[in-house]
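Please consult the sequence and the model alongside the text.

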Amino acid sequence: MKILILTALFPPLGYSGHDARCRQVTYELARRGHRVQVLTSSHRVPAMGMPGESAIFRHLGLTSDNRSTQPPFNSILERERENAEILQQRIQRFSPDAIYIWNVSGLPNSLIFIAQDSGVPVIFDVHTPWLLPENFQKDPWLHWWTVRGDLFTKFKRLRLFLTGQAWSLKRKMPVETVDAIDLKRSFVCSQSLKDRVVSAGLKDFEQAEVMHPAINNKDIVHKTDYSHRQKFMWAGRLV
């Protein structure tokens, strides 16, 4: 099976244990015979690139959810368009059988819906509270279309709607709320996080399977990482 993993950061340029876990899952899937590619951000990538990497594409640009800066529309649009084109090209070139969305912190929300609209089954590893509506709403593209209320933004939105450009832009870089995400192929790292998301209104997340994460420790060579083994097997029977 061909699997495209979409994540904001990938080691050695990650910053959490979940990024390390992503790499372990990636390598284990490849070891089991799957063709795996990783699409991630260019954050902190050296000018000469990362030596020795194969099938890891560090091309995406991270967004900022800093509402105090209120970035202009054109800068938001440029970043959205670049990221959308990068993901669409990777899907077209690789033709994956599944898209595995891992860490979306800093990635545009629109990438989730581009992945869904591709017709490829999408898997979610949910280990942070990004599904909570108040967090999802921080996305600069979604925030500009639905929240920002200054006079200039209202005028700009009206002009885009009147000229028909709004429809074209939102078709290419979808503007959707969190309840438009298809979560039927998702698992979550803890029951407490699952309860928080469900209580926030995402009732579809009730069917998400709880799989407690773990990281293989090379110093404990005799322990089996049962949690990850479940995930590999479960991912393999999605399509």
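Among contacts in the chain between residues at least 6 apart in sequence, what percentage join residues at least 24 apart? In this predicted model, the share is 67%. The chain contains nine helices and seven strands.

**Chain overview**

- Of the 239 residues, 46% count as buried.
- The accessible surface of the chain amounts to about 12200 Å², and carbon and sulfur atoms account for 51% of that surface.

- Because its relative accessibility is 9%, below the 20% limit, Arg148 is classed as buried.
- The side chain of Arg148 comes within 2.7 Å of the backbone oxygen of Pro71.
- Beyond its neighbours within four places in sequence, the contacts of Arg148 are Gln70, Pro71, Ile76, His143, Thr153 and Arg157.
- Arg148 also forms a salt bridge with Asp150, with 3.8 Å between the closest N and O atoms.
- In this pair, Asp150 is partly exposed, with 32% relative accessibility, whereas Arg148 is buried.

**Helix H6**

- H6 consists of 13 residues and spans 18 Å from its first C-alpha to its last, close to the 18 Å expected at 1.5 Å a residue.
- The buried residues in H6 are Thr153, Lys156, Arg157 and Leu160.
- Viewed down the helix axis, the buried residues of H6 fall within an arc of 100 degrees, so they line one face of the helix.
- An α-helix has 3.6 residues a turn, so residues three or four places apart point the same way.
- Leu151, Phe155 and Leu162 are exposed on the other side of H6.
- The packing partners of the buried residues of H6 are helix H2 (73-94), H5 and helix H7 (165-172).

**Salt bridges**

- Side chains of opposite charge can pair when their charged atoms come close.
- The salt bridges number six.
- One of them joins the side chains of Arg32 and Glu28, at 2.8 Å from N to O.
- Arg32 is partly exposed, with a relative accessible area of 40%, while Glu28 is buried at 17% relative accessibility.
- Glu28 and Arg32 belong, together with Arg31, to a network of salt bridges.
- Another salt bridge joins the side chains of Arg58 and Glu53, at 2.6 Å from N to O.
- Arg58 is buried at 10% relative accessibility, and Glu53 is partly exposed at 27%.

Key: Residues numbered from 1 in each chain as written. Predicted model: local features only at pLDDT ≥ 70, side-chain atom pairs only at ≥ 80, totals over all residues. Heavy atoms only, no water. Buried < 20%, exposed > 50% of the residue type's maximum accessible area, 1.4 Å probe, protein only. Polar contact = N/O pair within 3.5 Å; in protein donor to acceptor, adjacent residues only side chain to side chain. Contact = heavy atoms within 4.5 Å. Helix = DSSP H or I, 4+ residues; strand = E, 2+ residues; numbered from the N terminus. Expected span 1.5 Å × (residues − 1). Arc of directions from axis to C-beta. Areas by Shrake-Rupley, 256 points an atom, 1.4 Å probe, with all protein chains shown as cover. Salt bridge = Lys/Arg side-chain N within 4 Å of Asp/Glu carboxyl O.
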